[in-house]
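Welcome, and please take a moment to look at the fold before reading on.

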Amino acid sequence: MNTQAKLYETVAMMMAPGKGILAADESDSTAGKRLDMVHLPNNAENRQDFRELLFTAPNVEEYLSGVIMYDSSMRTATDDGVPFPDVLTAKGILPGIKVDTGTKELEGFPGEVVSQGLDGLEERFLEYADMGARFAKWRAVITIDKNIPTDASIEMNAIMLTRYAQLAQRCGIVPMVEPEVIFAGDHTIERAEMVTTRTLQILFQTLMKYKVDLGGLILKSSMVLAGDMCREQSSPEEVANATLRTFHMSVPHDVGGIVFLSGGQSPKRSTENLNAIGKMGPQPWPITYSYSRAIEEPFLLAWQGKPENAAEAQKVLLHACKMNSLASQGKYEVTLDQILK
Ligand code: 13P
């Protein structure tokens with residue numbers, strides 16, 4: 001199979017209807033924040049237990065097409081010695097890898113950042129591909145405040161995302177490009193829409209300028225909604241309308257698919273907003289979820305780090321994946337959620 005055919009096959013599998021992607025790609029220090037929710041110390045053993053329970057949950061493959069991991073999880077195995085990427089592949093779930101190495105401040109642009117990680121990236125891709133990775137993620141951070149974001153910082157991040165996407169595709173790995181417009185703040189939904197539209201327009205202009213194959217690429221986007229400190233919070237219908245309007249203004253129709261991050265919204269809100277978007281389908285692109293916090297939080301609260309809660313927590317995970325999979329198709333109902341819980 002040539003490289004392009006492999007990329008397109010991976011995209012089709014990732015965007016299979018009724019499935020989504022779990023983002024379990026927290027760095028070792030961010031994983032500590034998750035474990036801290038249930039007062040577990042952040043050590044390698046607890047991180048392994050946490051991820052092993054997520055990845056081995058019975059039947060989770062019915063709702064997950066992919067899982068994004070961090071470098072250390074790619075290199076971790078189950079208690080029985082099976083490497084995590086192999087556990088996922090055996091279930092028919094595609095392993096993915098986060099490859100940016102975090103953000104650094106952008107000199108001359110107070111409050112703005114640029115993601116790092118291009119050095120040696122091609123060699124890293126080849127190693128990850130050998131370990132079973134089929135797709136990758138690079139996250140750029142766009143913050144809204146009085147005078148930011150500037151076009152200069154959006155352009156710098158778009159260049160980095162584009163170079164990453166080129167290298168990933170050359171290595172047969174599908175790039176997920178993630179310009180996250182941050183939810184925290186007191187901005188209105190109108191401002192979020194303007195910023196997200198501008199960000200996506202600059203990003204796709206840059207990707208096209210450098211001839212990235214859009215059919216072999218996935219956009220990971222934030223939803224368009226008022227900031228968490230804004231007095232007027234957005235309803236699911238408002239979020240769906242603003243988000244889809246933004247995509248229609250800025251995302252070429254040949255992009256392989258669009259997935260959402262949850263961005264600090266509660267699990268319930270993330271599902272309800274996705275459902276409102278799903279109800280307005282079909283769109284030119286397949287659309288689904290790629291949540292981290294909105295899926296992991298209910299799991300962690302059920303688990304509490306106790307072996308006797310493990311099976312129940314895996315059921316909670318399965319339920320969250322199922323509800324979001326229904327929502328991606330506009331078929332989620334609160335009553336169904338409560339009955340099946
Ligand atoms: P959240 O769903 O917690 O926003 O995480 C998704 C993600 O991948 C952020 O980079």
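What follows is a report on selected features of this structure, part by part.

## About the model

This is a predicted model, in which local features need pLDDT of at least 70 and side-chain atom pairs count only at pLDDT 80 or more, while totals for chains, interfaces and linings use all residues. Residues are numbered from 1 along each chain as its sequence is written, and side-chain values use heavy atoms, with hydrogens and water left out.

Helices (H or I, at least four residues) and strands (E, at least two) are DSSP runs, numbered from the N terminus.

Eight strands form an open sheet with parallel pairing, in the order 1-2-3-6-7-8-9-10. Its edge strands, each pairing on one side only, are strand 1 (20-23) and strand 10 (287-289). Here two strands pair if DSSP finds at least two bridges between them. Direction ignored, neighbouring strands of this sheet are turned by 25° against each other on average. For this and the angles below, axes are lines fitted to C-alpha atoms, for helices over the stretch in contact, and angles run from 0 to 180 degrees between N-to-C directions.

In strand 3, Leu94 is the bridge partner of Gly66. Elsewhere, helix 9 (residues 236-250) lies across strand 8 (218-221), strand 9 (257-260) and strand 10, and runs at about 145° to strand 9.

## Helices 11 and 12

Now for two helices that meet. The axes of helix 11 (residues 293-303) and helix 12 (residues 310-328) come within 8 Å and cross at roughly 160°. That angle makes helix 11 roughly antiparallel to helix 12; angles under 35 degrees count as roughly parallel, over 145 as roughly antiparallel, 65 to 115 as roughly perpendicular and the rest as oblique. The crossing of helix 11 and helix 12 is right-handed, a label used if the near helix is turned clockwise from the far one by less than a right angle, with anticlockwise being left-handed.

Which residues of helix 11 meet helix 12? They are Ile295, Pro298, Phe299, Ala302 and Trp303, and their counterparts in helix 12 are Ala310, Ala313, Gln314, Val316, Leu317, Cys321 and Asn324. Contact means heavy atoms within 4.5 Å. By class, the contact of helix 11 with helix 12 has ten nonpolar, two polar and no charged residues. In this scheme Ala, Val, Leu, Ile, Met, Phe, Trp, Tyr, Cys and Pro count as nonpolar, Asp, Glu, Lys and Arg as charged, and the others, Gly among them, as polar.

## Helices 3 and 11

Helix 11 also packs with helix 3 (residues 44-55), at an angle of about 115° and with the axes 12 Å apart. This makes helix 3 roughly perpendicular to helix 11. The crossing of helix 3 and helix 11 is right-handed.

Helix 3 brings Asn46, Asp49, Phe50, Leu53 and Leu54 to the contact, and helix 11 brings Glu296, Phe299, Leu300 and Trp303. Sorted by class, the contact of helix 3 with helix 11 has six nonpolar, one polar and two charged residues.

Positive phi values come next. Asn59, in the loop between helix 3 and strand 2, has a phi near 70°, although it is not a glycine. Gln304 lies in the loop between helix 11 and helix 12 and has a positive phi of about 60°, again without being a glycine.

## Buried or partly exposed?

Is Thr78 buried or exposed? At 9% relative accessibility, Thr78 counts as buried, since buried means under 20% relative accessible area, exposed over 50%, and partly exposed in between (1.4 Å probe, protein chains only). Thr78 is found in the loop between helix 4 (71-74) and helix 5 (84-90). Leaving aside neighbours within four places in sequence, Thr78 is in contact with Gln48, Glu52, Phe84 and Val87.

Met156, in helix 7 (residues 151-170), counts as partly exposed at 36% relative accessibility. Beyond its neighbours within four places in sequence, Met156 is in contact with Leu106 and Val114.
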